[in-house]
Amino acid sequence: MVRYLDDFSAMARLPIRKDDSHKGDYGKILLLCGSRGYTGAAALAATAALRSGAGLCYLAVPESIYAIEAIKVTEAVVMPMPDCEGMLSADAIPFIQKLLPRMDAVLFGCGSGIGNDTDKILKFLMKEAKCPLVLDADGITLVSQHKDILRDRTSPTILTPHDGEFVRLKPDDLPREEQTITLARSLGCILLRKGHRTLITDGTDCYCNRSGNPGMAVGGSGDVLSGIIVSLIGQGMRPLEAAACAAWFHGRAGDICAAEIGQRGMLPSDMVECLPRLLK
């Protein structure tokens, strides 16, 4: 059975923020994102994570773009990492290894670039990350070559492909919903398949998102969505529900922008700024 969310049911799933809480109660999340030429992806993901309630956001970026990200995202803990041709180097793995045990969720792939070193980092995360791992964009392209490792993971993995990226994971002619559920089940992961009527499934339960509009079809929109997902997981939500609620709030933010600004000129940063109005 396919489920649908609305404002009330999505809000009801959010963790309660208690009066006597502190920043550590709302998740420690690690974002391994960005590369030379793709600084916006990392900044959008981190800002969206913070705007959707993350307590502590650690943004690890190649050293060559550290200064840019530190200025763009003042509320995150921005950390320079070893750099290889503008992308994260495999030499960053020991530093990441020290961070992982403290994290409640990890995001990899937003603007990270594709190369031998980022491939090594992905394989390390797949084997060593004990917390939920969200893979977007370049992370999905890389993981399509390592589906065996994906199946071996014991901690939740969330993939966020659009239809073009989905084909790299499983090209077949099944109907879209059946195709998505079947692949999630076979890989043992959660799939958030972006597009008109985004599908979110773990291979058993399935949500269909009805919020959003064509104005969201712009570069950077997916980075915002990934930031919301990792934030909600870090705050303690079950990964499937976190992904479904993230899709809903992301789309609702886009709907507000479309109504107030117009579909043609709205930007992902506008959607980020709308999130606090929804996540009250």
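Which residues line the second largest pocket?

## Second largest pocket

The lining consists of Met11, Leu14, Pro15, Arg17, Tyr26, Ser52, Gly53, Leu232, Gln235, Leu279 and Lys280. A pocket is an open set of points on a 1 Å grid over the protein atoms alone, with protein on both sides within 12 Å along at least five of seven lines; lining residues have an atom within 4 Å of a point. The volume is about 210 Å³, taken as the space filled by probe spheres (1.4 Å probe) set on the points. By class, the lining has 6 nonpolar, 3 polar and 2 charged residues. Nonpolar means Ala, Val, Leu, Ile, Met, Phe, Trp, Tyr, Cys and Pro; charged means Asp, Glu, Lys and Arg; the others, Gly among them, are polar.

## Basis

This is a predicted model, with local features needing pLDDT of at least 70, side-chain atom pairs pLDDT 80 or more, and totals for chains, interfaces and linings using all residues. Residues are numbered from 1 along each chain as its sequence is written, and side-chain values use heavy atoms, without hydrogens and water.

## Largest pocket

The largest pocket holds about 610 Å³ of space. Its lining has 31 residues; Lys194, Gly195, Met216, Ser221 and His250 lie nearest the centre. Two or more lining residues come from each of helix 10 (221-234) and helix 11 (239-260). Helix 10 gives the most, with 4 residues. Helices are DSSP runs (H or I, at least four residues), numbered from the N terminus. The lining counts 11 nonpolar, 14 polar and 6 charged residues.

## Charges over rings

Arg17 lies over the face of Tyr26, 3.7 Å from the ring centre. Both residues also line the second largest pocket. Arg193 places its charged end over the ring of Phe166, at 3.8 Å from the centre. The rule asks for NZ of Lys or CZ of Arg within 6 Å of the ring centre and within 35 degrees of the ring normal.
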